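Here is a short report on one protein model. Keep the sequence and the 3D view open while reading.

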Amino acid sequence: MIEKMIGRKIFVRYNPARPDPWLIPDGLMDFKKENKMTTKGKVLVLVSSGRGLPLKDGKVYKGAGYYLNELTVPVRALMQEGYEITFANPKGNAPQVDVHSEVADFFGGDAARLQDYMLFRDGLAGLRDPKRIADVIASGLDQYDAVFVPGGHGPMIDLLDDPDAGTVMRHFHQTSKPTAVLCHGPISLLSALPNSKEVVAALSAGDAAGARAKAQGWIYSGYKMTIFSTAEEQQREPLEIGGKVLFYPDFALRTAGGDVSVLAPWSSYVLQDRELISGQNPFSDEALLKLLLPALDAKKKRVA
C-alpha cells in the first residue's frame with residue numbers, strides 16, 4: 001500500500017494491485033482538475049438547501065439531506081463518461097449529507113468502497129459550494145444536457161415546491177432532455193406545478209382531494225414513474241427519522257396524477273417514460289445509470 005497526501009490534506013491509500021480509475025497512475029488524485037477536462041456535455045444536479053424535515057406532531061428530522069450513494073455513484077459515472085457536473089440548490093449553500101447513508105450497506109457491503117466514495121465526494125468543490133438554482137437559470141439552461149435529482153429526504157424539504165426548481169423541470173420537459181430522479185428525488189417533479197406550494201400544503205394537511213384538484217394540468221400527469229415507497233418509508237421512520245412524514249412520496253405523486261408503481265421494499269427498480277427516468281430507492285442507483293447514459297447519448301444523436 002502507498003499512502004500519499006493530496007490537496008486539502010486528504011490522504012489516499014493506494015493499492016497498486018487494485019488501481020482505481022479515479023486515481024492517476026502514481027496514485028495521486030487531483031480533484032481540482034476533475035471538472036476542467038474536455039467535456040462531453042453538462043449535467044445539472046439539484047440538491048436540497050434544507051437542514052430539517054418537518055414531521056407530524058411538530059417533530060423535525062434534522063439529519064435530512066442527500067444520500068451518499070445516490071449522489072456520488074451517478075455523478076462519478078457521469079464524470080467518467082466526460083460530463084461536467086454543476087451542483088445547484090435554492091440557497092447556494094453547502095448541502096447536508098444524511099449520516100445514515102454513510103454506511104457500507106449502500107456500497108455492496110464494501111467498507112473500502114464506501115471510503116473511496118466518501119473521498120470522491122470530499123473532492124467535489126462544486127458540491128461544497130453549489131450555485132443558486134436562480135443563477136443557473138439566469139446563465140441559461142440550454143447548456144445542460146440533463147438534470148439529475150438524487151434522493152435522501154432533502155428534496156422533501158424544499159425541492160418539491162421551489163419555484164426555481166420548477167422552472168428547471170419545465171425546461172427539461174419542454175426540451176425532452178433526460179430528467180433523472182432517484183429515491184426521494186422524484187418528489188421534485190411537483191415543483192413543475194405553478195401552484196406547487198398550494199399542492200404541497202394540501203398534501204401536508206391531509207387534504208388529498210384538494211391536492212388532486214389543485215394539481216390538474218401537471219406536466220407529468222400520466223407518466224410512468226417510481227419513487228421511495230410507503231412501505232420503505234414506514235420501515236425507515238422509526239430507525240432513521242424518528243417520526244412520521246407529513247405525507248408519503250408515492251401517494252403524493254399518485255395524487256398529482258403520476259402513474260406510480262413500486263416493487264417490494266429495497267428492490268432495485270427503475271422506469272423510463274419519455275424524458276423521465278426514475279428510480280425507487282438507494283439500491284436503484286446503478287440501474288438508473290443504465291438508462292440515463294444511453295438516454296444522453298440518444299439525445300445528442302438526435303440533436304446532431
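How many helices and strands does the protein have? The protein has 10 helices and 13 strands. Helices (H or I, at least four residues) and strands (E, at least two) are DSSP runs, numbered from the N terminus. This is a predicted model, in which local features need pLDDT of at least 70 and side-chain atom pairs count only at pLDDT 80 or more, while totals for chains, interfaces and linings use all residues. Residues are numbered from 1 along each chain as its sequence is written, and side-chain values use heavy atoms, with hydrogens and water left out.

**Overall packing**

Of the 304 residues in the protein, 55% are buried. Buried means under 20% relative accessible area, exposed over 50%, and partly exposed in between (1.4 Å probe, protein chains only). Contact means heavy atoms within 4.5 Å. Among contacts between residues at least 6 apart in sequence, 75% join residues at least 24 apart.

**The sheet**

An open sheet is built from seven strands, with mixed pairing. Their order is β7-β6-β3-β8-β9-β13-β12. Two strands pair if DSSP finds at least two bridges between them. Strands of a sheet pair through backbone hydrogen bonds, either parallel or antiparallel. The edges are β7 (131-132) and β12 (270-273), each pairing on one side only.

Look at β13 (residues 276-279). β13 pairs with β12 in the antiparallel sense over four bridges. There, D273 stands opposite L276, and Q272 has I277 as its bridge partner. With β9, β13 runs parallel, again joined by four bridges. A180 stands opposite I277 in β13.

Is β13 buried or exposed on its two faces? Both faces are covered. L276 and S278 are buried on one side, I277 and G279 on the other. In a regular strand the side chains alternate between the two faces of the sheet.

**Helix α1 and its partners**

Helix α1 (residues 68-80) and helix α2 (residues 111-122) have axes that come within 10 Å and cross at roughly 70°. Axes are lines fitted to C-alpha atoms, for helices over the stretch in contact, and angles run from 0 to 180 degrees between N-to-C directions. α1 and α2 are therefore roughly perpendicular to each other; angles of 65 to 115 degrees count as such, under 35 as roughly parallel, over 145 as roughly antiparallel and the rest as oblique. From α1, the contact uses L68, T72, V73, V75, R76 and M79. From α2, L114, D116, Y117, M118, F120 and R121 take part.

**Aromatic pairs**

A pair of aromatic rings is described by the distance of the centres and the angle of the planes. Rings of Phe, Tyr and Trp (its six-membered ring) pair if their centres lie within 6.5 Å; planes under 30 degrees apart count as stacked, over 60 as edge-to-face and the rest as tilted. By this rule there are seven aromatic pairs, two of them shown here.

| Pair | Type | Centre to centre | Angle between planes |
|---|---|---|---|
| Y220 and Y223 | edge-to-face | 5.4 Å | 80° |
| W266 and F283 | edge-to-face | 6.3 Å | 90° |

W266 sits in the loop between β11 (259-260) and β12, F283 in the loop between β13 and α10 (285-303). They are 17 residues apart. W266 counts as partly exposed because its relative accessibility is 28%. F283 is partly exposed too, at 33%. By contrast, Y220 and Y223 are both buried. W266 and F283 also belong to one aromatic cluster with Y67, F106 and F228.

S49 is in the loop between β3 and β4 (53-54). Is S49 buried or exposed? S49 counts as buried because its relative accessibility is 3%. Leaving aside neighbours within four places in sequence, S49 is in contact with N89, P90, K91, G92, N93 and D158. S49 and A94 are 45 residues apart in sequence and 7.2 Å apart in space, C-alpha to C-alpha.

Most residues other than glycine have a negative phi, and most peptide bonds are trans. D57 has a positive phi of about 65° and is not a glycine. D57 lies in the loop between β4 and β5 (60-61) and is exposed, with a relative accessible area of 76%.

R274 has a positive phi near 55°. R274 belongs to the hairpin of β12 and β13, which has two residues between the strands. R274 is exposed, with a relative accessible area of 53%.
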